[in-house]
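This briefing describes one protein chain for a reader who is new to structural models. Please keep the sequence and the structure in view while reading.

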Amino acid sequence: MTQTPPALTEAAAAPSGAGQITPAFSPLYQQIKDLILQSLQAGEWKPGEAIPSEMELAARFRVSQGTVRKAIDELAADNLVVRRQGKGTFVATHAEQQVQYRFLRLQPDQGDVSEEGPAQRRIIDCKRVRASAEVARLLQLRTGDAAMQVRRVLDFAGTPTILEDIWLPGHAFKGLSAQHMAAYPGATYAMFELDFGVRMVRAEEKLRAVLPDAEQAQLLAVDCATPLLSVERLAYTYNDVPMELRRGLYRTDTHHYRNALN
């Protein structure tokens with residue numbers, strides 16, 4: 001049963017200096033966007049499913065279709081929903097071909113990532129550990145809380161290209177195993193989404209140039225003097241909840257890191 005939405009207003013009172021009250025404006029479409037986000041987070045509409053039409057949402061929230069359309073425009077720009085002409089608007093999913101490479105910025109020097117084909121994944125380790133102070137801080141856990149730690153190598157065209165260390169909150173990824181990760185045929189984020197109900201919606205990255213240690217060099221089939229690109233990624237689900245810490249070492253002798261700035 002759909003609940004009647006709370007009253008929507010164009011502004012809400014917010015404190016100002018010297019005890020004064022000034023309006024903090026929240027555009028109506030932004031309020032609708034937030035309500036739709038709440039429904040996405042609650043799982044009312046699953047990844048890949050259609051959300052109600054603009055007319056239905058307008059009636060539900062008692063606003064104009066134009067207001068709903070603007071809210072959905074922003075959700076689409078954030079890659080949270082996908083519009084399909086003549087079919088409607090759908091919850092974005094990492095299982096879709098056009099979304100699979102959204103967070104992969106490493107591109108081959110010749111051709112493109114779709115021509116190169118999917119990476120061959122070698123799971124080196126997958127185990128349940130106690131989160132270190134640093135991992136706990138980044139994933140908003142307590143030091144010593146359960147976490148999953150994964151190490152894997154991604155091969156492109158038979159060449160080991162990316163070495164990744166991944167940490168995940170243990171409570172959200174119970175049952176994750178090396179066999180599970182190795183057997184899943186699609187993108188890892190699609191597996192997180194479909195098998196564990198965790199959808200990554202955005203990520204932040206830090207890049208620097210580093211030299212590998214002996215073990216890292218061996219796994220990537222390079223020598224210890226080979227410069228590598230270090231990429232630390234923190235990926236978030238809805239409401240800016242961090243759900244993955246990923247540290248990757250990238251070979252750049254046949255690939256480059258590409259980011260389009262708009």
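Ala209 counts as exposed because its relative accessibility is 68%; exposed means over 50% relative accessible area, buried means under 20%, and partly exposed lies in between, with a 1.4 Å probe and protein chains only. The model is predicted, so local features need pLDDT of at least 70 and side-chain atom pairs count only at pLDDT 80 or more, while totals for chains, interfaces and linings use all residues. Residues are numbered from 1 along each chain as its sequence is written, and side-chain values use heavy atoms, with hydrogens and water left out.

**The chain as a whole**

- The protein chain contains 9 helices and 12 strands; helices (H or I, at least four residues) and strands (E, at least two) are DSSP runs, numbered from the N terminus.
- The chain has 262 residues, of which 44% count as buried.
- Of the contacts between residues at least 6 apart in sequence, 57% join residues at least 24 apart; a contact means heavy atoms within 4.5 Å.

**Confidence of the prediction**

- The mean pLDDT of the chain is 85, and 82% of its residues reach 70 or more; pLDDT is the predictor's confidence in each residue, from 0 to 100.
- Over residues 10-19 pLDDT stays under 50, and the model has 21 contacts beyond four places in sequence for this stretch.
- Over residues 97-101 pLDDT also stays under 50, and here the model has 8 contacts beyond four places in sequence.

**Residues in strands**

- Ala209 belongs to strand β9, which covers residues 202-210. The C-alpha atoms of Ala209 and Tyr250 are separated by 9.6 Å, and the two residues are 41 apart along the chain.
- Trp167 is part of strand β8 and counts as buried because its relative accessibility is 13%. Beyond residues up to four places away in sequence, Trp167 touches Val135, Leu139, Met148, Gln149, Met243, Glu244, Leu245 and Arg247. Between the C-alpha atoms of Trp167 and Arg128, which are 39 residues apart along the chain, the separation is 9.6 Å.
- His255 is placed in strand β12, residues 255-257, and it counts as buried because its relative accessibility is 5%. Although His255 and Gln107 are 148 residues apart in sequence, they are 5.4 Å apart in space, C-alpha to C-alpha.

- Helix α8 is mostly covered, with 7 of its 9 residues buried.
- These buried residues are Thr188, Tyr189, Ala190, Met191, Phe192, Glu193 and Phe196.
- Their cover includes the strands β6 (120-130), β7 (146-156), β8 (159-169), β10 (228-237) and β11 (241-250), as well as the helix α7 (178-183).
- Gly197 follows α8 and has a positive phi, near 70 degrees.

**The second largest pocket**

- The second largest pocket holds about 290 Å³ of space. On a 1 Å grid over the protein atoms alone, a pocket is an open set of points where a 1.4 Å probe fits, with protein on both sides within 12 Å along at least five of seven lines; lining residues have an atom within 4 Å of a point. Grid points are joined across faces, edges and corners, and a volume is the space filled by probe spheres set on the points.
- The lining of this pocket consists of 15 residues, and Gln41, Gly197, Val198, Arg199 and Tyr238 lie nearest its centre. Two elements give two or more residues to this lining, namely α1 (28-41) and α8 (188-196).
- By class, the lining has 8 nonpolar, 4 polar and 3 charged residues; Ala, Val, Leu, Ile, Met, Phe, Trp, Tyr, Cys and Pro count as nonpolar, Asp, Glu, Lys and Arg as charged, and the others, Gly among them, as polar.

**Positive phi outside glycine**

- Ala157 is not a glycine, yet its phi is positive, about 50 degrees. Ala157 lies in the loop between β7 and β8, and it counts as exposed because its relative accessibility is 75%.
- Asn239, likewise a residue other than glycine, has a positive phi near 65 degrees. Asn239 is found in the loop between β10 and β11 and counts as exposed because its relative accessibility is 61%.
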